[in-house]
Amino acid sequence: MKHAIFGGSFNPIHNDHVKLALQFCEAFQLDRVTLIPTATTPLKDNSAIVDGKHRFKMCQLATQDHPQLAVSDTELRRGGMSYTSDTLKEFCRDGDELYLIVGADMYVTLDKWHEFRSIFEMATILVSPRNQMDYDSIKEKYTDYLPYGCRTLISHEYVGPLSSTAVRNAVKAGEPIGAMVDPRVEDYIRKNGLYR
């Protein structure tokens, strides 16, 4: 099975997260993409991140109409710092052909990640640029990673401009978010008073 891991804080999950996962499914004939909300994200400010149970539930709500998308709480259950290398080791046990979905901003920092060489060994990296500038920096970094045996596939469709920060800011400002997130996610955010 061709199985991609898509980790992130998903704080909250938005429409472009789902669109990106589906784009990769189609472009690279993936059988499954598993979204994995992180517990604590290295190299990132975690102060504005809501509890993992909320982020996990919102991921479930946003993906429930797409059978090729799954959600796992493996990093939330493990707790502590969420290292991608540890997560990939867990999924390696299934014997699947593993892929790792990352954004352009994450791709250019991969060589700073915990045990990045083992990440390159276990998974093919799938990356999607937001614009031409992203594409250029991905191509530059791609060359840097080749000596480590990193396998990279670059999507030629740009990912949308949405961000979780924009969703949170809109909620805080009392602005509508219906165009940014699944209606069930919007309802969940409102009912649970998140990001106010």
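A polar contact is a pair of N or O atoms within 3.5 Å; within protein, one atom must be able to donate a hydrogen and the other to accept it. The exercises below apply this and related criteria to a predicted model.

**Exercise 1. Histidine 54**

Task: Decide whether histidine 54 is buried or exposed, and name the residue whose side chain makes a polar contact with that of histidine 54.

Solution. 
1. Histidine 54 belongs to helix 2 (residues 52-63).
2. The relative accessible area of histidine 54 is 13%. The cut-off for a buried residue is under 20%, and histidine 54 is therefore buried.
3. The side chain of histidine 54 is joined to that of tyrosine 188 by a polar contact of 2.8 Å.
4. With neighbours within four places in sequence set aside, histidine 54 is in contact with Tyr188, Asn192 and Leu194.

**Exercise 2. The nonpolar cores**

Task: For the largest nonpolar core, state which residues touch the most other members and which element gives the largest share.

Solution. 
1. The largest core holds 35 residues, of which Ile13, Leu30 and Val33 touch the most other members.
2. Elements giving two or more residues to this core include strand 1 (2-8), helix 1 (15-27), strand 2 (32-37) and helix 9 (183-192).
3. Helix 1 supplies the largest share, five residues.
4. A second, separate core of 23 residues includes Ile36, Phe91, Ala104 and Tyr145.
5. Returning to helix 1, its 13 residues reach 18 Å from first C-alpha to last, close to the 18 Å expected. Buried residues in helix 1 include Val18, Leu20 and Ala21. Glutamine 29, with a positive phi near 50°, follows helix 1.

**Exercise 3. Aromatic pairs**

Task: Classify the pair formed by phenylalanine 24 and phenylalanine 28, and the pair formed by phenylalanine 116 and tyrosine 148.

Solution. 
1. The count of aromatic pairs comes to seven.
2. For phenylalanine 24 and phenylalanine 28, the ring centres are 5.7 Å apart and the planes lie at 20°, so this pair is stacked. Both residues are buried.
3. For phenylalanine 116 and tyrosine 148, the ring centres are 5.1 Å apart and the planes lie at 85°, so this pair is edge-to-face.
4. The latter pair links distant parts of the chain, 32 residues apart: phenylalanine 116 lies in helix 6 (residues 116-122), and tyrosine 148 in the loop between helix 7 (132-145) and strand 6 (152-154).
5. Phenylalanine 116 is buried at 11% relative accessibility, whereas tyrosine 148 is partly exposed at 35%.
6. One aromatic cluster is formed by Tyr107, Phe116, Phe120, Tyr145 and Tyr148.

Terms used:
Residues are numbered from 1 along each chain as its sequence is written. This is a predicted model: local features need pLDDT of at least 70, side-chain atom pairs count only at pLDDT 80 or more; totals for chains, interfaces and linings use all residues. Side-chain values use heavy atoms; hydrogens and water are left out. Helices (H or I, at least four residues) and strands (E, at least two) are DSSP runs, numbered from the N terminus. Buried means under 20% relative accessible area, exposed over 50%, partly exposed in between (1.4 Å probe, protein chains only). Contact means heavy atoms within 4.5 Å. A nonpolar core is a set of buried Ala, Val, Leu, Ile, Met, Phe, Trp, Tyr and Cys residues joined through side-chain atoms within 4.5 Å. Rings of Phe, Tyr and Trp (its six-membered ring) pair if their centres lie within 6.5 Å; planes under 30 degrees apart count as stacked, over 60 as edge-to-face and the rest as tilted. The expected span of a helix is 1.5 Å times one less than its number of residues.
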